[in-house]
Amino acid sequence: MQFKILSLDGGGVRGVFAAAFLAEIERKVRRPIGEYFDLIAGTSTGAIVAAQLARGNTASSAEELYLRLARDVFHRSKACLSARVVNFALRLASLRLSWLRGLDGAWLLRPKYSADSLRQALHEAFGAATLGELRRRLLIPAVDLIRGQTIVFKTPHSPRFFRDRDVRVVDALLATAAAPTYFPPAIIRTGSAYCDGGLWANHPGMVAYAEVLSLNRELALLSGQSTCETSEISMLSIGTGARPYSTLLEPNTAGIAQWIPFLFDVTSSSQSQGTHFQLQYLLRDRYQRVDFVVPDESWRLDEWRVAPQLAHLGREEAIRRMDELVPRFFRVPAPNFAPTPTTPEFRTGGPEIPLKQT
């Protein structure tokens, strides 16, 4: 039986593209998009869309949320006095060093944005819902800064997964969306600190593929069966803009200051591209990628003014790909998902995956 994965990239406000794309497909099939997938994976902004779909909400509601809140979330607070002094010094220095132009004193001293508006928006959308209450299997990559490890927040779709079932959806999303320098690290419990899963899995498709293989192995060990055959795994992957990152750096001055304005974009774009090529090789025609080319540098991941244009691109791409994708992914809904109970032996300690939960 076919096992269908939906993978949603990170990319800030450009997540509007994915939400609008899915909302347009949804208008065609007249059923919540999440019902068609066995597993949904999302990183950063993609995780916000993914969590809404996994909860049973429509893609249209995800699109409306993005369009309404883009400006509120990506809103700069007034620069403090020290930041204004740094900005003045940068402007003077940029008269002689052109690569200093555009650097922001406030951004150098603290995160570019507060997480308060994002937290409030997510709370309005999800309330106190936990990962254990979602209706679809969900994966959310992040980074645990205290342990110095990658982490994947997961719904309890295996009896071995006891750690995350009571984690609030809002907390997991704040963790994966805490892009370094854009938002402060997210705190879930006292002493913890998490940041953006885009640092290692901006395209979470490989995380999702590995998860299905792990579930197959677990079921084979326990019952001699498997979730699906490897040849039955298919994936719809939606990006947030293929941004050309060819950049000419001055060889003798390519230090951290010159890298700052675009380092995160280069990192996330490179990771998404690399994962895309790997999944093409592994899944062949069972892997479908939807993306667009970012028109120019003004379409930054925090440029809320282009949200309506991003929605338009998403809708138009959905119309263009409709005849190809609907028969592959949206003809037959996926089987209903119910969280698995935790067995006593897994409650008492030991790693969740034998494997080990990342």
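Me: Where in the chain is Arg 284 found?
Reply: Arg 284 is in the loop between helix 11 (263–283) and strand 7 (287–290). Keep in mind that this is a predicted model.

Me: Is Arg 284 buried or exposed?
Reply: Arg 284 is exposed, because its relative accessible area is 55%, and the cut-off for exposed is over 50%.

Me: What about the phi of Arg 284?
Reply: Arg 284 has a positive phi of about 55 degrees, though it is not a glycine. Most residues other than glycine have a negative phi.

Me: Which loop holds Ser 44?
Reply: Ser 44 sits in the loop between strand 2 (39–42) and helix 2. Its phi is positive as well, at about 55 degrees, and Ser 44 is not a glycine either.

Me: And Ser 44, buried or exposed?
Reply: Buried. Ser 44 has a relative accessible area of 7%.

Me: Let's step back. How many helices and strands are in the chain?
Reply: The chain has 13 helices and 7 strands.

Me: How much of the chain is buried?
Reply: Of the 358 residues, 54% are buried. The accessible surface of the chain is about 16800 Å². Carbon and sulfur atoms account for 55% of that surface.

Me: What share of the contacts links residues 24 or more positions apart?
Reply: Among contacts with a separation of 6 or more, 78% are between residues 24 or more positions apart.

Me: Back to helix 2. How many of its residues are buried?
Reply: 10 of its 11 residues, so helix 2 is largely enclosed by the rest of the structure. Thr 45, Ala 47, Ala 50 and Ala 54 are among the buried ones.

Me: What comes just after helix 2?
Reply: Gly 56, which takes a positive phi of about 105 degrees.

Me: How do helix 2 and helix 3 pack?
Reply: Helix 2 (residues 45–55) and helix 3 pack at an angle of about 140 degrees. Their axes are 9 Å apart. The two helices are therefore oblique to each other, and their crossing is right-handed.

Me: Which residues of helix 2 and helix 3 meet?
Reply: From helix 2, they are Thr 45, Gly 46, Ile 48, Val 49, Gln 52 and Leu 53. From helix 3, they are Ala 59, Ser 61, Ala 62, Leu 65 and Tyr 66. By class, this contact has 7 nonpolar, 4 polar and no charged residues.

Me: What about helix 3 and helix 12, at what angle do they pack?
Reply: Helix 3 (residues 59–73) packs against helix 12 (residues 307–329) at about 160 degrees, with the axes 10 Å apart. That makes the pair roughly antiparallel. Helix 3 passes helix 12 in a right-handed crossing.

Me: Which residues make the contact of helix 3 with helix 12?
Reply: Helix 3 gives Glu 63, Leu 67 and Ala 70. Helix 12 gives Ala 307, Pro 308, Ala 311 and Arg 315. By class, that contact has 5 nonpolar, no polar and 2 charged residues.

Me: Still on helix 12, how exposed is Ile 319?
Reply: Ile 319 lies in helix 12. It is partly exposed, with a relative accessible area of 47%. Its C-alpha is 9.5 Å from that of Lys 28. Along the chain, Ile 319 and Lys 28 are 291 residues apart.

Me: New topic. Where is Asp 9 found?
Reply: Asp 9 is in the loop between strand 1 (3–8) and helix 1 (15–29). It counts as buried, at 3% relative accessibility.

Me: What does Asp 9 touch?
Reply: Leaving out residues up to four places away in sequence, its contacts include Thr 43, Thr 45, Gly 46, His 203, Ser 237 and Arg 289.

Me: Tell me about Arg 289. Which strand is its place?
Reply: Arg 289 is in strand 7. It is buried, with a relative accessible area of 16%.

Me: Which residues is Arg 289 in contact with?
Reply: Beyond its neighbours within four places in sequence, they are Asp 9, His 203, Ser 237, Ile 238, Gly 239, Ser 272, His 276 and Arg 321.

Me: How far apart are Arg 289 and Ser 7 in space?
Reply: They are 9.3 Å apart, C-alpha to C-alpha. In sequence they are 282 residues apart.

Methods:
Residues are numbered from 1 along each chain as its sequence is written. This is a predicted model: local features need pLDDT of at least 70, side-chain atom pairs count only at pLDDT 80 or more; totals for chains, interfaces and linings use all residues. Side-chain values use heavy atoms; hydrogens and water are left out. Axes are lines fitted to C-alpha atoms, for helices over the stretch in contact, and angles run from 0 to 180 degrees between N-to-C directions. Helices (H or I, at least four residues) and strands (E, at least two) are DSSP runs, numbered from the N terminus. Angles under 35 degrees count as roughly parallel, over 145 as roughly antiparallel, 65 to 115 as roughly perpendicular and the rest as oblique. A crossing is left-handed if the near helix is turned anticlockwise from the far one by less than a right angle, and right-handed if clockwise. Contact means heavy atoms within 4.5 Å. Ala, Val, Leu, Ile, Met, Phe, Trp, Tyr, Cys and Pro count as nonpolar, Asp, Glu, Lys and Arg as charged, and the others, Gly among them, as polar. Buried means under 20% relative accessible area, exposed over 50%, partly exposed in between (1.4 Å probe, protein chains only). Accessible areas come from the Shrake-Rupley method with a 1.4 Å probe; for residues, only the protein chains shown count as cover.
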